[in-house]
Amino acid sequence: MEFTRVEFETAERTPDEVRKVIKTAKLHESELTDITQVLRFAEQNVHNLNLKLMLLDDNLLQEIEAGNQLIFKGDVDENAVLCTQSRTYDIKEAETSNSLHLVPDLLFAASTDDGRPPRSIVHKDILNTFFTYYEVKPCKPRLLKLQKLLEETSYRGLELEYEVDKTKLLTYEGIFDVIQASRAELDEELVRLQALKIGEHYRLLDFDYEFRILSYMLDLIEENSWPLNKISREVTLDSLKDLVPACILEAMFGFYTMESVEEGGTQYYQYKEDKVCRFLARVLLKSAGKFNLVEFMQAWRDSVPEGMITHKSMLAGIAITDESSQPPVIWGFSASDLPEDLNQRFKILFQAKPKWTLSEISPYIELYATEKLNVNALLTKYARASAQDGVRVFSAKHMK
């Protein structure tokens, strides 16, 4: 096996000096290739000091080899993340067991045997020495602050636009710059939040304004005697065009309906029952504190279009029920209103209700679950499990 020789030096070396070193090291020149590389520490400059090492997984390596962009993101009070077009990675600094030297164009053994016996000397500069590197691991996008940012400029109707702080309006790129997520993940979240583009800016609809538009739309079912699976998009848009801006009306129709049947070349739609019923439940829950559960369920059934069926499972993540009280009660409790910090979130959850079943508490914490840490694992870490009337329930880990 042929070996190359690498030395650390600051001054030029001659072939004779190298041979002396080889002899001192008790090596035989016949075991070495013909080129000796002498490493020397280059003068440090700003460019060298800015170099960092990062350990890449196969996906990130493929992104770089394909010429795709990797973006570091994070405010001064946030831990940085690295984003590709479709994934987000957590970044952590780790120490190396040995110092690592960065040497551009360093020759390996096969490249240092030129077949010419006279020994030649090649000097190489060490650009930097590293004692740490960055580890990257796939993580969930950090999207919790997106809703709060967009809520600051919620659309409440043309007549109230003068109250909106125009400096807080956000374009897509403005959102992308401040949210720690890839473009694909951000796009998915904007759809989930029902953000819509008004002009050049992304906005959320104010809750009361959204209710007003949805009410207009649902009223047309009775006015036109439409079956629930034969909603006309054209008639809906034409009937309300003088009441609602076109971009908002079209977006709302897209949010709440889906294609159903096609007859005579006309595509009909139907309202998403779960989505409509859930929103109307939020309207009722918003109007007061605790409700008598039986009275609420009746009022809720009466508020939805005829033919739609309400069910308590639709209330997951937006309301709490207490069936042990006399009479049983319900009150609004939205997951989106809870703090981002998971410890604080659990604290508020157990203050609101001392004991939760798995199905009750899951909607409030599932966004923190990962492939390695599912909802059950989170509850094992942050809560205490017990049995109540044969049902497994979760309570605060450290109860007084």
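Here is a short walk through the domains of this structure, one of its interfaces and some of its cysteines.

The model is predicted, so local features need pLDDT of at least 70 and side-chain atom pairs count only at pLDDT 80 or more, while totals for chains, interfaces and linings use all residues. Residues are numbered from 1 along each chain as its sequence is written, and side-chain values use heavy atoms, leaving out hydrogens and water.

Let us start with the domains, whose bounds come from an automatic or database domain assignment. The protein chain is assigned domain 1 (15-75 + 83-137), domain 2 (143-203), domain 3 (207-271) and domain 4 (274-396). The centres of domain 2 and domain 3, taken over C-alpha atoms, lie 24 Å apart. Each of these two domains brings 9 residues to their contact (heavy atoms within 4.5 Å).

Now look at where they meet. About 640 Å² is buried between domain 2 and domain 3, with 66% of it on carbon and sulfur atoms; buried area is the accessible area (1.4 Å probe) that two parts lose on being put together, summed over both. On the domain 2 side, Y155, Q194 and L196 supply 68% of the area buried against domain 3. The two domains also share 1 salt bridge (a side-chain nitrogen of Lys or Arg within 4 Å of a carboxyl oxygen of Asp or Glu). You can find a salt bridge between the side chains of E159 and R212, at 3.9 Å from N to O.

Finally, the cysteines. The structure has 0 disulfides (pairs of cysteine sulfur atoms within 2.5 Å). For C83, the nearest cysteine sulfur belongs to C139, 7.7 Å away.
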